[in-house]
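Work through the exercises below with the sequence and the model at hand. Try each task before reading its solution.

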Number of protein chains: 2
Amino acid sequence: MNKKYVIGLDFGTDSVRAILVNVETGEEEASSVAYYKRWSEGKYCDPGRNQFRQHPLDYLEGMEEAIKGALKGHSEDIAEQVVGIGVDTTGSTPCAVDREGIPLALLDEFKDNPNAMFILWKDHTAVKEAEEINKLAKSWGGEDFTKYEGGVYSSEWFWAKILHVLREDEKVREAAFSWVEHCDWIPAVLSGETDPLTIRRSRCAAGHKAMWHEKWGGLPDEEFLVKLDPLLKGVKKNLYTETYTSDEKAGELSEEWAERLGLKPGIAIAVGAFDAHMGAVGGGIVEKALVKIMGTSTCDIIVAPDEVIGDKLIGGICGQVDGSVIPGTIGLEAGQSAYGDVYAWFKDLLSWPLDSILPEIEGIDPSVAKKIKDKILIKLTEEASKLKIEETGLLALDWLNGRRTPYADQTLKGAIIGLTLGSTAPKIFRALVEATAFGAKAINEQFIKEGVEIDQVIALGGISQKNDFVMQITADILNKPIKVATSEQTCALGAAMFGAVAAGIYDTVKKAQEKMGSGFNKTYYPDKENAEKYQKLYEKYLLLGETLEDQLRNL
Amino acid sequence: MNKKYVIGLDFGTDSVRAILVNVETGEEEASSVAYYKRWSEGKYCDPGRNQFRQHPLDYLEGMEEAIKGALKGHSEDIAEQVVGIGVDTTGSTPCAVDREGIPLALLDEFKDNPNAMFILWKDHTAVKEAEEINKLAKSWGGEDFTKYEGGVYSSEWFWAKILHVLREDEKVREAAFSWVEHCDWIPAVLSGETDPLTIRRSRCAAGHKAMWHEKWGGLPDEEFLVKLDPLLKGVKKNLYTETYTSDEKAGELSEEWAERLGLKPGIAIAVGAFDAHMGAVGGGIVEKALVKIMGTSTCDIIVAPDEVIGDKLIGGICGQVDGSVIPGTIGLEAGQSAYGDVYAWFKDLLSWPLDSILPEIEGIDPSVAKKIKDKILIKLTEEASKLKIEETGLLALDWLNGRRTPYADQTLKGAIIGLTLGSTAPKIFRALVEATAFGAKAINEQFIKEGVEIDQVIALGGISQKNDFVMQITADILNKPIKVATSEQTCALGAAMFGAVAAGIYDTVKKAQEKMGSGFNKTYYPDKENAEKYQKLYEKYLLLGETLEDQLRNL
């Protein structure tokens with residue numbers, strides 16, 4: 001038997017995971033996670049300013065540890081049988097690099113400078129720059145380069161972030177030859193070819209976050225960029241014009257990295273893409289399916305044939321990009337800035353006496369606080385699930401981390417209305433869960449309004465695996481069945497599928513999905529009666545949001 | 001030395017207090033509290049339905065215990081030197097009585113029937129009846145009998161409550177000859193003259209809560225009442241036409257009660273009134289002073305000369321009644337349905353894990369929960385006071401128990417907007433404190449808008465004595481100095497002052513105030529800079545309220 005394997009490499013927010021997958025069956029032979037060391041110590045971040053940076057060494061060391069961890073304990077043969085590597089990362093997570101494509105933070109001079117590191121997706125330091133981009137795009141008289149990205153540029157994205165660093169840090173500005181996305185850089189490193197002028201850039205990252213589009217021949221016009229800020233003069237020429245989908249090879253594994261990882265040199269390295277997009281593939285995305293990756297926030301992915309989208313501009317979402325998910329179809333991205341994070345916030349709120357007062361009480365073991373806190377969400381779920389719809393008397397807006405879609409606006413905030421002296425913690429929790437699901441419904445409705453059909457919902461990610469209560473309410477509110485993907489590592493599995501295609505095992509992503517997909521292990525069906533009640537409450541949610549938008553912005 | 005004393009009897013929500021006061025100096029010689037026994041066991045109440053009833057025996061037993069407690073330890077002489085008793089109670093707290101003026105619950109047949117007991121001020125079972133009264137008053141074509149009570153009748157008031165009981169309980173309906181307010185009944189009992197047709201009814205209760213006004217010769221027209229519900233036919237004729245201010249005697253202490261209490265028979269018993277109104281007198285009310293009784297809720301009292309008010313109808317408040325506070329002037333009442341209760345709600349919310357989870361953790365002494373809970377408001381105050389104005393990013397509506405004034409609407413609810421993942425417990429607490437103070441400001445503004453001048457604010461009650469943080473924010477938001485009365489028992493002290501006037505010691509309430517008043521022990525001055533910032537936030541509060549009113553009603 002000569003089995004073949006691919007490695008799926010999934011760079012998340014806190015850690016990198018490597019899975020070793022049988023290319024014939026999709027079976028996960030091994031899996032290993034490595035946490036980012038500097039990140040876990042809180043280095044280079046300033047949460048008060050929403051500054052979140054990651055050191056490139058965290059990625060390199062983590063990648064080596066994770067891949068070696070996955071191979072460990074297997075015979076040497078298995079390393080020989082690995083034929084390709086696929087890579088997904090968070091994004092937009094860009095970094096300044098020098099002429100050789102080396103992230104500046106790897107140079108001694110910049111090793112502790114957060115501006116010389118990767119600017120993590122959730123870094124919100126560039127709010128002002130995003131506003132300027134939006135304003136200029138609508139007013140400069142030329143093409144609106146945001147139009148294939150939902151018409152609203154976010155502070156979480158490429159150009160806002162690099163402009164912010166160029167303005168803030170003269171040394172980085174002078175040393176930066178070019179910029180790479182995290183998902184561009186890892187395949188380049190593995191291939192040993194990091195020249196920023198020739199590395200194969202991700203279509204997914206470029207199209208969704210960098211205003212790249214074939215219609216205007218690539219990145220936005222130099223004139224537009226210079227109008228935005230003269231500091232951007234010349235930046236574009238050291239970036240890229242061509243982009244690549246992840247069924248293509250970024251390169252082949254270099255001798256150096258082959259040795260370092262214990263793999264064969266020359267195996268295929270697929271072009272990188274974002275985690276949600278590869279996760280959607282790993283989770284079984286097909287046409288007319290909305291794939292929701294449900295965790296602290298959500299990412300919602302749809303693919304549609306070119307014929308369906310045509311010249312249509314889908315407003316209010318995070319982009320429509322040819323081949324960003326499945327080559328040959330348009331990948332559409334949306335999402336909510338907070339989902340599980342809303343529940344975590346409420347848990348933290350209720351934990352306040354445990355964090356602030358319990359340690360001051362004499363004779364209490366501080367571990368008690370942790371024991372109680374660990375049970376808060378479980379108990380809240382238990383109690384909230386006993387309540388009937390509308391029994392809370394509450395209505396909430398889920399924008400506690402701003403609104404990603406529909407129509408990105410990071411200046412929006414959350415709200416809870418209908419509070420009485422009888423509003424208990426489980427009631428408020430239920431209202432918050434409903435609010436996040438209403439936010440999900442608003443995205444579905446936006447797609448439908450724009451002519452993109454949805455006939456099924458597929459859920460991936462932590463919440464879909466763990467929280468029946470949230471999933472059932474989401475199904476009731478969406479009024480659609482939600483299928484939950486069996487694999488708990490759909491991002492890494494999707495990356496592995498791309499690795500298999502890039503290695504030539506399959507000629508299309510669809511075939512890789514058919515052979516390697518994990519299927520679904522559960523379906524949540526909407527309850528008809530609940531769905532009707534929720535439809536009415538959803539209309540109140542929409543009205544509340546419309547009514548409060550301006551006031552929330554002006555707080 | 002032949003000292004003279006009066007007893008101030010203050011019937012609160014949970015207990016009755018008796019204080020023994022020197023009529024010359026106002027010094028409090030003794031004080032004693034008795035808790036209502038049945039009430040403290042939760043009997044006859046159903047908080048889920050907002051049903052709150054009190055058994056008349058709780059009042060009688062409590063009164064005896066409190067007065068005896070205050071006299072205990074003094075020589076017999078002191079009991080001989082008591083020349084009068086003044087009485088205040090909560091209200092509107094009516095009860096059905098038989099032909100002899102005996103509350104039905106004192107009859108064996110009704111001893112456990114909540115409908116035969118006093119319907120406590122905060123009982124909200126009559127929401128529907130209040131709505132019907134409001135509708136009819138505006139539509140029946142005759143006089144709007146609510147017009148001297150702010151134009152909106154509340155479910156907390158006399159007619160709504162008695163109509164509710166008449167509808168709900170056939171037995172009580174058949175046995176009820178008449179109805180008394182708590183503050184009518186106690187002086188009648190002490191005087192030994194409880195005939196409902198002749199007892200001296202409180203002007204304060206009648207004018208503020210029973211739509212009594214001289215203009216229409218007393219209570220509302222029989223025609224109006226029967227239109228409201230034929231069950232009300234004949235009820236009016238067994239009530240009253242005349243009402244009395246509390247400088248007058250309700251009667252003289254009966255032999256029976258003199259013996260029971262150890263006092264001299266024949267001493268003056270003043271006509272009763274509500275706690276807030278007598279509290280305002282005890283706290284030093286004068287013209288152009290707004291007196292705020294600040295506790296779980298607030299009651300706001302102003303007195304104005306007849307010339308100032310004239311024919312003017314002050315909209316949106318709880319009534320304008322000639323002599324309800326100080327005889328010869330118009331007493332104006334307003335208030336907030338929740339003040340301290342808002343903070344207590346938030347404390348309870350944060351206590352949820354301590355109440356629901358801590359008891360399930362093995363090896364933890366359950367007293368730990370109480371220790372932590374006792375510190376929550378202290379610690380919240382400590383942390384919230386470190387925050388700058390607008391640092392919370394939050395705005396709240398204080399209507400968690402409905403809105404009493406301006407413009408009573410018990411269907412309104414609370415709200416918190418501006419929530420982010422960084423909204424901590426102290427930030428939310430501060431926003432809630434600010435919201436209650438904004439509610440207070442809305443009342444001040446309402447008076448001023450209606451032409452009633454306010455040149456000083458006097459605060460009484462638990463919050464004014466205990467919470468610097470709340471008081472300073474209230475002063476900043478009202479943008480007025482707030483003087484805090486020295487006496488912690490201003491209601492009982494006010495009752496004692498009326499006892500002294502009824503006994504003929506002083507010929508006016510003003511003179512009793514001058515001699516017996518406790519003065520002020522503290523003044524909170526507004527910070528100019530804060531006041532300016534809060535003015536802007538107050539405008540946002542008003543806008544938020546206007547914007548959300550309809551949505552809150554329709555939740």
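**Exercise 1: A serine in a loop**

A:Ser246 is buried, with a relative accessible area of 6%, where buried means under 20% relative accessible area, exposed over 50% and partly exposed in between, taken with a 1.4 Å probe on protein chains only. This is a predicted model, in which local features need pLDDT of at least 70 and side-chain atom pairs count only at pLDDT 80 or more, while totals for chains, interfaces and linings use all residues. Residues are numbered from 1 along each chain as its sequence is written, chains are lettered from A and ligands numbered from 1 in the order in which they are written, and side-chain values use heavy atoms, with hydrogens and water left out.

Task: find where A:Ser246 is placed in chain A, and which residues A:Ser246 touches beyond four places in sequence.

Solution. Begin with the secondary structure, in which helices (H or I, at least four residues) and strands (E, at least two) are DSSP runs, numbered from the N terminus. A:Ser246 belongs to the loop between α9 (222–228) and β9 (249–252) of chain A. Next come the contacts, meaning heavy atoms within 4.5 Å: residues up to four places away in sequence being set aside, A:Ser246 touches A:Ala270, A:Val271, A:Gly272, A:Ala273, A:Met278 and A:Phe498.

**Exercise 2: Where the chains meet**

Task: state how many residues of chain A are in contact with chain B, and what area the two chains bury between them.

Solution. The size of an interface is often given as the accessible area lost when the parts come together. Here 51 residues of chain A are in contact with 51 residues of chain B. Chain A and chain B bury about 4,400 Å² between them, 75% of it on carbon and sulfur atoms, buried area being the accessible area (1.4 Å probe) that two parts lose on being put together, summed over both. Of the area that chain A buries against chain B, 16% is supplied by A:Trp352, A:Leu419 and A:Leu421, more than by any other three residues.

The charged pairs follow: there are 2 salt bridges between chain A and chain B, each a side-chain nitrogen of Lys or Arg within 4 Å of a carboxyl oxygen of Asp or Glu. A:Lys379 forms a salt bridge with B:Glu360, with the closest N and O atoms 2.5 Å apart. The elements that give two or more residues to the side of chain A that touches chain B include α13 (340–356) and β17 (414–419) of chain A, and the largest share, 10 residues, comes from α13(A).

Finally, look at the strands: β17(A) and strand β17 (residues 414–419) of chain B run antiparallel and are joined by 5 bridges, where pairing requires that DSSP finds at least two bridges between two strands. In this arrangement A:Ala415 stands opposite B:Ile417.

**Exercise 3: A tryptophan of chain B**

Task: decide whether B:Trp345 is buried or exposed, and name residues with which B:Trp345 is in contact.

Solution. B:Trp345 lies in helix α13 (residues 340–350) of chain B, and at 5% relative accessibility B:Trp345 counts as buried. With neighbours within four places in sequence left aside, its contacts include A:Leu419, A:Leu421 and A:Ile428 of chain A, together with B:Leu400 and B:Leu432 of chain B. B:Trp345 and B:Leu400 are 55 residues apart in sequence, and their C-alpha atoms are 9.0 Å apart in space.
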